[in-house]
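Morning, everyone. I have one structure to walk through today, and I'll keep it quick.

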Amino acid sequence: MKYFSKISAAVLGLSLVFTACDKVDDLTVSQPGTAPVLTSSAATIAPLVVDSSKTAITFTWTDPKYATAAASNKYVIQIDSAGRNFAKAASKTFTGVLTGSFTGLELNAILLSYGFAFNTPYDMDVRVLSSYGNNNEQYKSNVLKIKMSAYVTPPKVTTPFTNRLFIRGSATQLGWGTNPDINQELCRLDSVTYGGIFNLNGGSEYLLLPENSNFNTKYSVANNSIPGLSAGGSFGIGLNDNFPGPSAGGWYKMTYDFQKGTFTVAPFPNAQAPNLWITGDATTSSWTNTPPAPQKFTRLNNCEYEITIAFVPGKFYKFLSISGQWQPQFGGSSATGGDIGANYGGGNDPDAVPTPTVAGNYKINVNFHKNKYTVTKL
């Protein structure tokens, strides 16, 4: 019995030796992919409404050379306004292909979602993100710079045939009985949007008219008893009810979007004076809070003012809305236009606007609804 045990132990030990010497195959290690290189069929895109269903632009990219079958690889094209690092990017996903297209309708929807104006070129950034189908090993391509313009689609509500719009009713300071004057004319913000800043009476009503004394064509609402409609909602042409005004009187910023058929009415923090003057060493009267008559702007409508003036380089100016007072005071930092800075009293004064570097006659447009000013050489 002892002899058998010794033989068994020897055999077992020999078996372990042979097992330990068995060779194990090397593990397969996948090589990493590479970032795709993106190209496009165009550098400027301005599709027409009649071609909205057609391909407007096509993108192609190189193979990132992932280890799995190419048919399962995922690619996401991102489009965003230039300089935002794709923080608000619109995306479209493709699988197993090295090319992708957008129709005019798709591009238009993206541009309008950013609030861009119609028929105006904007700088856009485009890139493609590649990955496995499960989003692993993602690579970012190069960024393409492409100019894109949105086309005008037929608006939901027919726009005013006069290209003008007036507010009239008991909610206004003139009431129903007096034809609206220029103070009651909304400004045309673009081809399908109108707006104004108005001092409204509380608990009253109003209509919008393309002609200031003609009620045959009017913009109104279907049912003015809908809760919250005074702050915004849907409107149309020739509907049953007057617009309901806010319950509390005061200054309000009002916007009417004919493209979408919607409007908004929101409280505005400051009263709007009916006049505007330019002052500063860029003018003949230099810095004064009582500018002479030639330095008074022409009021175009409720919120828009315009003046033509001669400038030389190296000077500065601001705007005043009440003669004899330094506030309200308005200004900006750009010689060509930009956001309006303001001091309505008790705050810090805005920057003085520098004159352009080239002498000549310039037209200045100030729009308080947009809160913008523009300076254009004539």
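I'll go from the overall fold to the rings, then the charges, then a few backbone details.

First, a caution. This is a predicted model.

Start with the whole chain. It has 378 residues, and 39% of them count as buried. The secondary structure is two helices and 29 strands. Now the shape. A compact globule of 378 residues would have a radius of gyration near 21 Å. This chain has 33 Å. Along the principal axes, the C-alpha trace spans about 125 × 55 × 50 Å. Take the contacts with a separation of 6 or more: residues 24 or more positions apart account for 62% of them.

Next, the aromatics. How many aromatic pairs does a search of the whole structure find? It finds 27. One of them is Phe59 with Phe102. The geometry is edge-to-face, 6.1 Å centre to centre, with 85° between the planes. That pair links distant parts of the chain. Phe59 is in strand β3, residues 55-61, and Phe102 is in strand β6, residues 99-103. They sit 43 residues apart.

Phe102 has a charged neighbour. Lys92 lies over the face of Phe102, 5.1 Å from the ring centre. There is another such case at Phe86. Arg127 lies over the face of that ring, at 4.1 Å from the centre.

There is also an aromatic cluster. Its members are Tyr194, Tyr206, Tyr219, Phe235, Phe243, Tyr256, Phe258 and Phe263.

Leu208 is in strand β13, residues 205-209. Its relative accessible area is 0%, so Leu208 counts as buried. Leu208 and Leu105 are 103 residues apart in sequence, and 31 Å apart in space, C-alpha to C-alpha.

Now the charges. Side chains of opposite charge can pair when their charged atoms come close. A search of the whole structure finds seven salt bridges.

One is Asp51 with Lys54, with the closest N and O atoms 3.4 Å apart. Asp51 is partly exposed, at 27%. Lys54 is exposed, at 51%.

Another is Glu106 with Lys92, at 3.0 Å, N to O. Glu106 lies in helix α2, residues 104-113, and Lys92 lies in strand β5, residues 90-95, so this bridge ties together parts 14 residues apart in sequence. Both ends are partly exposed: Glu106 at 30%, Lys92 at 23%. And Lys92 is the residue over the face of Phe102.

Then Asp339 with Lys372, at 2.5 Å, N to O. Asp339 is in strand β25, residues 337-339, and Lys372 is in β29, so the pair ties together parts 33 residues apart in sequence. Lys372 is partly exposed, with a relative accessible area of 37%.

Here is a charge without a partner. Glu304 is buried yet has no salt bridge. The nearest side chain of opposite charge is Lys370, 6.6 Å away. A salt bridge needs a nitrogen within 4 Å of a carboxyl oxygen. Glu304 lies in strand β22, residues 304-311. What does Glu304 touch, not counting residues up to four places away? Cys187, Thr298, Arg299, Asn365, Val366 and Asn367.

Last, the backbone. Most residues other than glycine have a negative phi, and most peptide bonds are trans. There are some exceptions to show. Asn163 has phi near 60°. It lies in the loop between β9 and β10, and is partly exposed at 43%. Asn371 also has a positive phi, about 60°. Its loop runs between β28 and β29. Asn371 is partly exposed, at 33%. And the peptide bond from Gln327 to Pro328 is cis, with omega near 0°. Pro328 is in the loop between β23 and β24.

That's the tour. Over to you.

Terms used: Residues are numbered from 1 along each chain as its sequence is written. This is a predicted model: local features need pLDDT of at least 70, side-chain atom pairs count only at pLDDT 80 or more; totals for chains, interfaces and linings use all residues. Side-chain values use heavy atoms; hydrogens and water are left out. Helices (H or I, at least four residues) and strands (E, at least two) are DSSP runs, numbered from the N terminus. Buried means under 20% relative accessible area, exposed over 50%, partly exposed in between (1.4 Å probe, protein chains only). Lys and Arg count as positive and Asp and Glu as negative; His and the chain ends are not counted. Contact means heavy atoms within 4.5 Å. Rings of Phe, Tyr and Trp (its six-membered ring) pair if their centres lie within 6.5 Å; planes under 30 degrees apart count as stacked, over 60 as edge-to-face and the rest as tilted. A charge sits over a ring if NZ of Lys or CZ of Arg is within 6 Å of the ring centre and within 35 degrees of the ring normal. The radius of gyration is taken over C-alpha atoms; the globule rule is 2.2 Å times the number of residues to the power 0.38.
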